Amino acid sequence: MPLFSIIIPTYNRAHILPRTIASVLAQTYSNWECIIVDDGSTDSTKDLIASYSDTRIKYVYQHNAERSAARNNGIRHAQGEYICFLDSD
């Protein structure tokens, strides 16, 4: 089974990220990693991600550089054979 890397760039979306992450966790295909790239959030995004115990969910922080840079940063951290992007909202 190939590994899928799901990259979610986010900025101050802690209030909506649980729904986004829940949609990833609900997938029937289980060989994935979810890389959440925090683009310099000032809300509780980091703490929210830390509350998940699923080791497939990974947190990457970067200083605010906008979505394209966050996507590229996610690709650099990806281990999967396939890369998917998912908006945080």
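Predicted model: local features only at pLDDT ≥ 70, side-chain atom pairs only at ≥ 80, totals over all residues.
Residues are numbered from 1 along each chain as its sequence is written, and side-chain values use heavy atoms, with hydrogens and water left out.

Helices (H or I, at least four residues) and strands (E, at least two residues) are DSSP runs, numbered from the N terminus. Two strands are said to pair if DSSP finds at least two bridges between them. Strands β1 and β2 run parallel and are joined by seven bridges.

Among the residue partners, I35 has K58 in β3 as its bridge partner, C34 stands opposite I57 in β3, and I6 stands opposite C34 in β2.

How many of the eight residues of β2 are buried? A residue is called buried under 20% relative accessible area, exposed over 50%, and partly exposed in between (1.4 Å probe, protein chains only). Eight of the eight residues of β2 are buried, so the strand is largely enclosed by the rest of the structure. W32, C34, I36 and D38 point one way from β2, whereas E33, I35, V37 and D39 point the other way.

E33 lies in strand β2 and is buried, with a relative accessible area of 3%. A polar contact is a pair of N or O atoms within 3.5 Å; within protein, one atom must be able to donate a hydrogen and the other to accept it, and residues adjacent in sequence count only if both atoms are side-chain atoms. A polar atom of the E33 side chain lies 2.6 Å from the backbone nitrogen of Q79. Leaving aside neighbours within four places in sequence, the residues in contact with E33 include L3, F4, R56, K58 and G80.

## Two cysteines without a disulfide

A disulfide is a covalent bond between the sulfur atoms of two cysteines, and here the term is used for a pair of cysteine sulfur atoms within 2.5 Å. The structure holds zero disulfides. C34 is buried, with a relative accessible area of 0%, whereas C84 is partly exposed, with a value of 28%.

## The two sides of helix α3

In helix α3 (residues 67-77), the residues A70, N73 and G74 are buried. They cover an arc of only 100 degrees around the axis, which puts them on the same side of α3; the arc is that of the directions from the helix axis to the C-beta atoms. On the other side of α3, S68 and R76 are exposed. The buried residues of the helix pack against β1 (4-10), β2 and β3.

## Residues in the loops

| Residue | Loop | Relative accessible area |
|---|---|---|
| N12 | between β1 and α1 | 22% |
| R13 | between β1 and α1 | 28% |
| N64 | between β3 and α3 | 43% |

Most residues other than glycine have a negative phi. N12, although not a glycine, has a positive phi of about 50 degrees, and E66, found in the loop between β3 and α3, has a positive phi near 80 degrees.

Leaving aside neighbours within four places in sequence, R13 is in contact with D43, T45, S88 and D89. With the corresponding neighbours left aside, N64 is in contact with Y11, D39 and G40, and the side chain of N64 reaches the backbone oxygen of D39 at 2.9 Å. The C-alpha atoms of N64 and R13, which are 51 residues apart along the chain, are separated by 14 Å.

Note on methods
Contact = heavy atoms within 4.5 Å.
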